[in-house]
Amino acid sequence: MFNKLLGKFSKDLGIDLGTKNTLVYTEEKGIVINEPSVVAVNTRTDEILAVGNEAKRMVGKTPGHIQAIKPLVDGVISDFEVTEKMLKYFIDKAHQESFTLMPRPRVVIGIPLDVTEVEKKAVEDAAKSAGAREVFLIEESMAAAIGARLPVAEPTATMIVDIGGGTTEISVISLGGVVAWKTLRTAGNTMDQNITQYVREEFNILIGEQVAEKTKIMIGSATELKESMDMEVRGRDLIHGLPRAVTINDAKVREAIGRTLSQIVENIKSTLEVTPPELVSDIYEHGIVLAGGGALLRGLDKEIAEATKIPVRVADDPLTCVVRGAGILLSDKELLDKVLTPGAEEL
Ligand SMILES: Nc1ncnc2c1ncn2[C@@H]1O[C@H](COP(=O)(O)OP(=O)(O)OP(=O)(O)O)[C@@H](O)[C@H]1O
Ligand SMILES: [Mg+2]
C-alpha cells in the first residue's frame with residue numbers, strides 16, 4: 001500500500017474530526033474548514049437542515065421536531081450516519097473553497113489512542129462514504145505533536161497533552177511512536193458540566209450548555225488571577241421557572257472546575273510515573289506541550305508546571321494542532337509511513 005503514497009497529496013485533505021470541532025486542511029490553502037461538529041436534523045423527515053456553524057446556532061433553541069445532533073461523543077463516533085453526512089458536507093465544502101474540480105481525495109484523519117477496532121472502522125468507513133478515495137489513520141496525539149512541530153521521529157521523548165472537548169490525551173512520543181499514554185473522558189465538556197452543576201447547586205438556576213462554556217472561556221482559570229473577573233450568567237430559576245441572572249467570579253469558576261483540573265494533573269503525573277527514566281529526562285529538557293482548546297484555560301500551564309516540576313508551554317494555536325499535523329503529513333510521506341496506524345481492515 002505504501003506505493004500509493006508516492007503520488008503528491010496536494011488535492012488531498014487532513015481532517016481533525018473532534019468531539020467539539022471539525023477542521024479540514026488542504027495543502028494549497030491550509031485550514032479551510034473550522035466548524036463545530038454539530039448537525040441539525042428534522043426528526044419528522046430525517047432531513048439535514050444545517051451543519052457546523054449554522055447548526056450550532058440552533059443548539060438548545062430548536063423546536064421539538066428539530067434536533068441538533070452532536071454525532072461524536074468522547075472523541076468517538078456515536079451516530080454513524082450523521083457523522084458520515086457531516087463529513088461529506090465538510091469535504092464538499094473544502095473542495096468548493098479551492099475552486100478546482102477535485103478527484104476523490106485521499107484523507108489523513110486523526111483518531112484517539114484507545115479506539116476499538118469497531119470505532120476505527122467507523123471513522124474509516126465514514127470518511128470513505130463521505131467521498132475519500134483512501135483513508136490514512138493517525139493517532140491524534142501524534143498529529144498534535146507534529147502540528148506543534150515537536151521532533152516526533154527523533155530518538156528523544158516529548159510529552160503532549162491534548163485537552164479537547166470530550167477527551168484529554170496524554171502521550172509520550174519518541175521515534176515516531178507513542179510509548180506511554182493515557183486517555184481520559186474528562187476534558188472541556190466536563191468543565192462546562194462542573195460550572196452548570198455549581199450554578200444549579202449554589203443558586204438553583206439551570207444554565208444552558210453554551211452559557212456554561214462561555215463562562216469558562218471568559219473568566220475560567222486554573223490558578224489565581226492577578227485581577228479578579230466576574231460576569232453575569234443567565235438561566236432558568238428552578239423554583240419559579242422564570243429567567244434569572246446571577247453574577248459569578250473567577251474564584252467560583254476555579255472552584256467548580258477544580259476537580260476536573262486535578263484529575264488531568266494527576267493523570268499527567270501518573271503517566272510520567274510509568275514512563276522509562278531516560279525518557280522522563282528528555283521530557284524534562286523539552287518540557288510538556290499543551291494542545292487542544294483546553295490548553296487555552298488561563299494558568300493551566302502554570303498549574304501543571306508546578307505539580308510536575310517540569311516546564312510547560314502551550315503550543316501555538318492549540319485548537320488547530322491536530323489538523324495542521326495531519327496537513328504536514330499530506331506532504332511528508334516519509335513521516336506518514338513512520339507514524340501511520342494500521343487501518344481496521346488490515347488487522
Ligand atoms: N479560551 C479557552 N479557555 C478554556 N477552554 C477553551 C477555550 N477555548 C476553547 N476551549 C475549550 O476547548 C474545547 C474544544 O477543544 P478542541 O476543539 O481541541 O476539542 P475537540 O478536538 O473537538 O475534542 P476532542 O479532541 O475531545 O474530540 C471546548 O471544551 C472549549 O470550550
Ligand atoms: Mg481534539
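Biologist: In which sense do β11 and β12 pair?
Modeller: This is a predicted model. Over six bridges, the sense of the β11 and β12 pairing is antiparallel.

Biologist: How many bridges join β12 to β13?
Modeller: β12 and β13 also form a hairpin, with two residues between the strands, where L175 takes a positive phi near 50 degrees. S171 stands opposite W181 in β13. The two strands run antiparallel, and the number of bridges joining them is seven.

Biologist: Which residues point the other way from T168, I170, V172 and S174 in β12?
Modeller: In a regular strand, side chains alternate between the two faces of the sheet. Strand β12 covers residues 168-174, and T168, I170, V172 and S174 point one way from β12. Pointing the other way are E169, S171 and I173.

Biologist: Are the residues of β12 buried or exposed?
Modeller: The cut-off for buried is under 20% relative accessible area. Of the seven residues in β12, seven are buried.

Biologist: Which element gives the largest share of the lining of the largest pocket?
Modeller: The largest pocket has a volume of about 720 Å³ and is lined by 37 residues, with N21, G164, G293, G294 and L319 nearest its centre. Elements giving two or more residues to this lining are β1, β2, β11, α5, α6 and α10. The largest share is four residues, and it comes from α5.

Biologist: How many charged residues does the lining of the largest pocket have?
Modeller: Gly counts as polar in this classification. By class, the lining of the largest pocket has 13 nonpolar and 14 polar residues, and the number of charged residues is 10.

Biologist: Which element gives the most to the lining of the second largest pocket?
Modeller: The second largest pocket has a volume of about 400 Å³. Its lining has 22 residues, of which K20, K70, N189, Q193 and E209 lie nearest the centre. Two or more residues come from each of β7, α5 and α6. With five residues, the element that gives the most is α5.

Biologist: How many residues in the lining of the second largest pocket are polar?
Modeller: The lining of the second largest pocket includes five nonpolar and eight charged residues. The number of polar residues there is nine.

Technical notes
Residues are numbered from 1 along each chain as its sequence is written. Chains are lettered from A and ligands numbered from 1 in the order in which they are written. This is a predicted model: local features need pLDDT of at least 70, side-chain atom pairs count only at pLDDT 80 or more; totals for chains, interfaces and linings use all residues. Side-chain values use heavy atoms; hydrogens and water are left out. On a 1 Å grid over the protein atoms alone, a cavity is a set of points where a 1.4 Å probe fits but cannot get out, and a pocket is an open set with protein on both sides within 12 Å along at least five of seven lines; lining residues have an atom within 4 Å of a point. Grid points are joined across faces, edges and corners, and a volume is the space filled by probe spheres set on the points. Buried means under 20% relative accessible area, exposed over 50%, partly exposed in between (1.4 Å probe, protein chains only). Two strands pair if DSSP finds at least two bridges between them.
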